[in-house]
Amino acid sequence: MLPPLSSRRSPSEKSFASSNALCEAYSIVVGTNPALQKQFFLSPKTPQLIPGNVHRASQVQEGIGGKGQDVAVTLGCLTSSSSSLTTSESHSRLRRRPFVLLAQFLGKGATGDLALSKLKKALHEDECLNDDDDDKSKGPCNMVDALTVRINSSLRTCTTIIGEDSATELVEPSGTVHDEEIEQLYQRIEHTIHARRVRGLCIMGSMPPGCPKDLYANIYEKVTNVHPYAITLIDSVVGLDHLFEKIARKKSDGNDLSLLGKTMLKLNFAEICSLARIKVDSETSCIDPNQVINAVNEFLSTVANAQEALDYIAITNSSNPAYFFCISGERSQNAKNGGVITSMFQLNVPNVSFLQPGGDVTVYPIGAGDLVAAGTLAAWEYLSMPNPSDTTLERLSSCVQKEIDLKLGKDYDDAGLISFAFGIACGSASCIQRDNSMLDVDHALELFTKVNLIPCNMLLDG
């Protein structure tokens, strides 16, 4: 069983919590490769994309693109936009900052300005107040600006062409980031981590050209040197060699592992196979649990320091079942996997058709994986909090907290597993929303109750 939540505060965390100025817990989301997202909806007269044909749009929408940006906006949504909140709770929450710090390189010019304004609006920066302040005269909070570096290169645009039964994404090349811009991001992070308490670090997606391969590793080191208890969620296939080396070294340098935040790698099945150098027929092909075990074992033996660095591996596969693995850095006598995988679960992805009258639902799957990461991080941070009854530490609405606590006590006691289940529900709920990184929290809660956790440990012993 997990220890009582009130007993999980490390000495370094206690020193931060003793200061009122540092009492709020923040997430740092690393999304170094943002974009302006355009959605091009095909006309009902020509609802399918046909190469070589002229297609006219029935509607075009502009929004925020980039994996880290999707996560940041969703965290803001989970913090302040639940329709389940009471009137007073909703009013109070809209006046508070969403506790999200987004580290990004954002291109200058009109496209970058537009993306920045949309991001601030999505995170309610025009509605929330400073920390211990009920006087709006002191100005709105600036969580987006804190770790945003405006670079000389232009911002890329990603265009999603949405047809009747499919979505096609066109991605422009990213602009190059220069050394002085990278150094500026490092400096902003250094300043921020000494001024604020960080509960979680989320590393998302690719890096733009010009970034060093150890960028993510350096950010991890800076954050966890000051906040060793911070959990880390990784949803990226780049920079892992350097990142895993840093994490493994921190775990082996004589540190008390009970005081170190855990690390989760969240990827889709095609990505884990790519890292393990296993060929798959399709990114969304239906897979057998033994295929997943083989892919994870191959990944752990192929990628240096992976088994020493990771505590969890979470794998999605579109609407097919997801899988969750608990990892041990020390090998034992397990017959099939050398003791590296200590437990395994299958999680069903609930069907969203019941959420709409008549069950006739148009699905918009682009970005759903990012919402899985966001939901996982939000729940995991909540379950890792030293005292969730402290209102200064609230990250989720009371109804979300209640459902997470119920599932933790009812099903299994692993915070990572329950958090991933909530992430699956958030990703599923987003699929009926046209806009990127948005969800109805009530839908997510309803789907959360339908995510079944099926132990698969017997497959590990076969």
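**View 1. Pairing of strands E2 and E6 in the predicted model.** Leu36 has Thr157, in strand E6, as its bridge partner. This bridge can be viewed in the setting of the two strands, E2 with residues 35-42 and E6 with residues 157-162, which pair in the parallel sense over six bridges.

**View 2. The open sheet of four strands.** The strands follow the order E3-E2-E6-E7, and their pairing is mixed. Strand E3 (57-65) and strand E7 (167-171) stand at the edges and have a single partner strand each, so one side of each is left without a neighbour in the sheet. On average, and with direction ignored, neighbouring strands of this sheet are turned by 20° against each other.

**View 3. Helix H4 across the sheet strands E2, E3 and E6.**

**View 4. Buried and exposed residues of helix H6.** Helix H6 (residues 179-195) has 17 residues, which at 1.5 Å a residue should span 24 Å, and the distance of 25 Å between its end C-alpha atoms agrees with this expectation. Within H6, the residues Glu181, Ile182, Leu185, Tyr186, Ile189, Thr192 and Ile193 are buried.

How values were computed
Residues numbered from 1 in each chain as written. Predicted model: local features only at pLDDT ≥ 70, side-chain atom pairs only at ≥ 80, totals over all residues. Heavy atoms only, no water. Pairing = 2+ DSSP bridges. Axes fitted to C-alpha atoms, helices over the stretch in contact; angles between N-to-C directions. Contact = heavy atoms within 4.5 Å. Expected span 1.5 Å × (residues − 1). Buried < 20%, exposed > 50% of the residue type's maximum accessible area, 1.4 Å probe, protein only.
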